[in-house]
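The following paragraphs are intended as a guided reading of a structural model. Please keep the sequence and the structure in view while following them.

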Amino acid sequence: MTINPYFLSVALLAGSIIAYEIALVRLFSIAQWHHFAHMIISLALLGFGASGTAISLTQRWLMGNRWKFDEVDRRFHNAYTICGLLYSISVVVCFVLHQYVPFNPLMLVWQPSQVLSIFVLYLILSLPFFFGAACIGLALLRFAENVNRLYFFDLFGSGLGALGIIVTMYLIPPAQNLTLILAIGFCAVLIANWESWKTRQWRRIISITGIAAAFIVYLLFNPISIKISPYKGLSSTLNFPDAQVLNERHSPFGVLHVVRSGLIRAVPGLSLNTQHPVQPQLGLFTDADGMTAITDFSGDLSKLGYLGDTTSALAYHLMEPPHVLVLGAGGGGDVLNALYHDAVSVDAIELNPQVLELVAKEHKDFAGGIYAPDSPYPVQVHVAEARGFVRATTKRYDLIQIALLDSVSASAAGTHALSESYLYTVEAFTDLYQHLTPGGIISITRWLKTPPRDMIRLFATAVEALEQSDNRVPAQQLAMIRGWRTGTLLIKKGTFDTADRAAIQNFCRERSFDLAYYPQMPEVEANRYNQLTEPIYFRAAQAILSNERKQFYEGYPFNIRPTTDNRPYFFQFLRFDSLIQMVRAVGRSAIPFIEWGYLLLIATLIQAVLAGLVLILIPLFFLKRETTAPTAHNSRFTNWRVFIYFLSLGVGFMFIEMSFIQKFLLLLANPTYAVAVVLCAFLLFAGLGSFFSLKLKTVVKLRQPPIIVAIGVLSVLALIYLQLLPPIFHRFLASSDTLKVVVSIGLIAPLAFFMGMPFPLGIEWLQRHHPHLIAWAWGINGYASVVSAILATCLAIAFGFNLVILLAVGIYLIGGCVHLRRERETAA
């Protein structure tokens, strides 16, 4: 069977486009912060939909007055080649240009001119997506009769592109991935010009090859650089006069920089009363922020006395030398804290293997070899995701320490508001609690915010978890203290007795830490040193432990309800009713005190919806004129039904895909594996579903249209998975990574297979009845994918992933009903 060279070209272009999108997310996370990446790239992806609009308005000129199915149309071929070349070139050129736009996201609220800058960014970054999607849209229009095969190559290429870019992130620096994507784009153009090879039209081939070679050679000798925001931690540290970058590593987990400076001293939660000098340190930055320190350790534990003066050291003063589990080991600060307090053993868990490599090998002598295989200390290092390790291990610990790894600046700015965290949920605390020895303690340290919210939500989540575990109000099992910058919560598998309470009091008194809660604590002991206007933490703890908990949650100005695996957005505290009151009271000055990453997400959604409606309705006005006489009786409804159908497909597909990525994170544990496996599985098997979609009518005798059957099956599967996934995940949590990947693909495959059918079947129906609407339908699907990706995140934050999946099923069914009505009217 001969493969159309355009189909191979589409596969390469689709793979390079999704690789470009993922690469941009990483690059913006390094240069700015990840929520700005989400905002800007989501709007840039509107270029996908805009290509469908452009093709709709120009298709008569592009395709000529009659269809030529036996040969490649000259206009189509030229348009495809030009768009492919412009896509390849713009991948690099647009990224370089955008760095010259004077955009400072931190001033977006204060400087109106920043709004203009962000629109310029949208325009620049949307161009590659516009040209790349235009190639796919043109191919879809030209080969509509083979839409099932074309869509298969599109999705198959996208799946391989998503997997490939994650692999190359280990091998190539982030910015240099753009050079590889550019090269793939040029290869796609050359393949599309296969006929030129066969007919020896060397001028065209030499021209394309020459342009490609010129760009690639130039970029190899002049690598693309990333301009990092001056407000990120790495930029600030490099301003120190003696600052020097010692190491740089890159992977899908982030870009790591190790910086040396005599001015680096980072000990979160350190008491201002400490009399111990802080040891020299190296700064270890992830994505130019979120610094963790590598401490100069010669083996003399007495020099680490300052670690005993941190809020996170409290638990060690309430127990004998413990067996410790450190979740998020980073540069080793919490491991050293455990060794200083005579820990019997330490299991250190770190997700990023490159962090461990830098500490264990590159800076082994400086760090005292605490992570080295031949370490003289009782430290065992594990490369794993914290939640996955806890569920898989059978060991029990006296102390489980959750490290504080995010930077104070990121926490204060609310940049994690859009980040899910499965470590701060009711289910996670329940898992940790079950892995404690009798009398064991979970110790969690967080940055403090003003007004207070992190520690209050942490306390509420712990209360909920303990009530589910022990079936009683856990007033005797919790203790909470705070310093001037951090707070620490203790959860005990047992009760804090009189001796424990006295030890907590002495610990805080000697270090000027404030008592926030312990059993039978009087209010007079709260709010003594780092004073607030009132003892908010103590009163919040009392309210959460009382029968007035619900009223307290509803009346507090921030969302401090416990987080769950279904709604794991621990860092999202914003309540819109409180926001309105705050803005009315103090104006824009309220903005620094809220998680404005979520506000930007809402703003992005509004902009995407407005832009999408304008760009979809414009061609609708023109397309009404092209309705032919035989279909004039229903011309008023045809366009709108096409709009609703393809909008439903785009929204439903993205809702399910994004929800499954988050849900499978629990099973696969590693976020990078979860994105790679789920995204690739969905795209590859949806591609297979597309390939076999048209055969569904001929192979299987169906009473209902194939589209209805496909939507019905995928809806049933999605609803079944809502019930079956939790027990299945629990069954395979302790399995090997290989088996988890196989199970994940096996679960996703049948659902994705049927999700890949409705789109090509819909295009095939249009090709038979309304071919002039094909490009418009492609644009609608592209817009829907962009808007639904943002909307899915908003809904998951507000209502949870389960509701997003239920909505996806409902939206798919709406699309199915619209098509069923259309089929019956056509038959009539």
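Is D374 exposed or buried? D374 counts as exposed because its relative accessibility is 55%, where exposed means over 50% relative accessible area, buried under 20%, and partly exposed in between (1.4 Å probe, protein chains only). The model is predicted, so that local features need pLDDT of at least 70 and side-chain atom pairs count only at pLDDT 80 or more, whereas totals for chains, interfaces and linings use all residues. Residues are numbered from 1 along each chain as its sequence is written, and side-chain values use heavy atoms, with hydrogens and water left out.

Side chains of opposite charge can pair when their charged atoms come close. A salt bridge is defined here as a side-chain nitrogen of Lys or Arg within 4 Å of a carboxyl oxygen of Asp or Glu, and by this rule the count comes to 17. In one of them, D374 is joined to K364, with the closest N and O atoms 3.3 Å apart. The two residues are 10 apart in the chain: K364 belongs to helix α13, and D374 to the loop between α13 (364-367) and β7 (379-383). Helices (H or I, at least four residues) and strands (E, at least two) are DSSP runs, numbered from the N terminus. K364 counts as partly exposed because its relative accessibility is 30%.

Other salt bridges involve buried residues. R446 and D454 pair with an N to O distance of 3.6 Å, and both are buried. R482 and D514 pair at 3.8 Å, N to O; R482 lies in strand β10 (residues 478-482) and D514 in strand β12 (residues 514-517), 32 residues apart. R482 counts as buried because its relative accessible area is 6%, and D514 is likewise buried, at 1%. Salt bridges with shared partners also connect R387, R391, D431 and D565 in one network.

The backbone deserves attention as well. Most residues other than glycine have a negative phi, and most peptide bonds are trans. S512, although not a glycine, has a positive phi of about 60 degrees; this residue is in the loop between α18 (498-511) and β12, and it is partly exposed at 21% relative accessibility. N527 has a positive phi of about 60 degrees too, and is not a glycine. N527 is placed in the loop between β12 and α19 (536-545) and is buried, with a relative accessible area of 14%. The peptide bond from T450 to P451 is cis, with omega near -5 degrees, and P451 sits in the loop between β9 (436-447) and α17 (454-470).

L719, F799, L803, L806 and L807 form a nonpolar patch with about 410 Å² of accessible area together. Patches comprise residues with over 30% relative accessible area and no salt bridge, like charges being joined within 9 Å and nonpolar side chains (Val, Leu, Ile, Met, Phe, Trp, Tyr) within 5 Å; accessible areas come from the Shrake-Rupley method with a 1.4 Å probe, and for residues only the protein chains shown count as cover. Helix α30 (residues 801-827) supplies the largest share of the patch, three residues. L807, in helix α30, is partly exposed, with a relative accessible area of 33%.
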